[in-house]
Amino acid sequence: MTDCLFCKIASKDIPTDIKYEDEHIIAFPDINPKADVHLLVIPKLHIINLMDINDENQHIITHLIRKLPVIAEKNGLSGFRTIFNSGKDGGQEVFHLHAHLLAGNIKFGG
């Protein structure tokens with residue numbers, strides 16, 4: 001997908017501070033953090049959101065979820081919160097599947 005912000009980050013067309021990367025996923029800081037640590041973990045494959053998971057791509061979400069503790073530990077965290085927003089009504093703003101990995105003082109709201 002050529003106009004997707006997160007696809008451009010995954011392909012390194014847009015530089016970012018990569019906190020974790022493997023063959024399937026990449027993690028980087030959210031530009032509008034809601035916690036002391038706020039990373040976005042995205043698949044390199046363009047998947048719109050959790051409602052777009054199917055038999056062909058389900059291994060990606062499994063991989064992403066299994067790597068969340070690895071990413072947290074690699075970034076010095078002993079615990080974290082994970083949030084997935086799916087669809088406009090679910091608060092999704094960038095329509096490329098991503099997990100919010102948050103730790104420390106978490107700030108929600110305005």
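1. Surface. The accessible surface of the protein chain is about 6500 Å², and carbon and sulfur atoms account for 52% of that area. The model behind this value is a predicted one. Buried residues make up 36% of the 110 residues in the chain.

2. Fold order. The protein chain holds 2 helices and 5 strands. Read from the N terminus, the elements run α-β-β-β-α-β-β. The radius of gyration is 13 Å, close to the 13 Å that the globule rule gives for 110 residues, so the chain is as compact as a globular protein of that length. The C-alpha trace spans about 35 × 30 × 30 Å along its principal axes.

3. Contact range. Take the contacts in the protein chain between residues at least 6 apart in sequence. Of these, 53% join residues at least 24 apart.

4. Charges. The protein chain carries 11 positive and 14 negative charges.

5. Cysteines. How many disulfides are there? The count is 0. Cys4 is in no disulfide, and the nearest cysteine sulfur, that of Cys7, is 3.7 Å away. Cys7 is likewise in no disulfide; its nearest cysteine sulfur belongs to Cys4, at 3.7 Å. As for burial, Cys4 counts as buried at 7% relative accessibility. Cys7 is buried too, with a relative accessible area of 12%.

6. Ile106. This residue is in strand E5, which covers residues 99–106. Is Ile106 buried or partly exposed? Its relative accessible area is 28%, so Ile106 is partly exposed. Leaving out residues up to four places away in sequence, Ile106 touches Lys34, Ala35 and Arg81. Pro33 lies 73 residues from Ile106 along the chain, yet their C-alpha atoms are separated by 9.0 Å.

7. Asn105. Strand E5 also contains Asn105. Asn105 is partly exposed, with a relative accessible area of 48%. Which residues does Asn105 touch, not counting those up to four places away in sequence? They are Lys34, Ala35 and Asp36. With Asp36 the sequence separation is 69 residues, and the C-alpha atoms are separated by 5.5 Å.

8. Lys12. What is the phi of Lys12? The angle is positive, about 70 degrees, although Lys12 is not a glycine. Lys12 is in the loop between helix H1 (5–10) and strand E1 (20–21). At 45% relative accessibility, Lys12 counts as partly exposed.

9. Gly79. Where is Gly79? This residue is in the loop between helix H2 (58–74) and strand E4 (81–84). Gly79 has a relative accessible area of 36% and is therefore partly exposed. Pro69 is 10 residues from Gly79 in sequence. Their C-alpha to C-alpha distance is 8.2 Å.

Methods: Residues numbered from 1 in each chain as written. Predicted model: local features only at pLDDT ≥ 70, side-chain atom pairs only at ≥ 80, totals over all residues. Heavy atoms only, no water. Disulfide = S-S within 2.5 Å. Buried < 20%, exposed > 50% of the residue type's maximum accessible area, 1.4 Å probe, protein only. Helix = DSSP H or I, 4+ residues; strand = E, 2+ residues; numbered from the N terminus. Rg over C-alpha atoms; globule rule 2.2 N^0.38 Å. Contact = heavy atoms within 4.5 Å. Areas by Shrake-Rupley, 256 points an atom, 1.4 Å probe, with all protein chains shown as cover. Lys, Arg positive; Asp, Glu negative; His and termini not counted. Charge placed at Lys NZ, Arg CZ, Asp CG, Glu CD.
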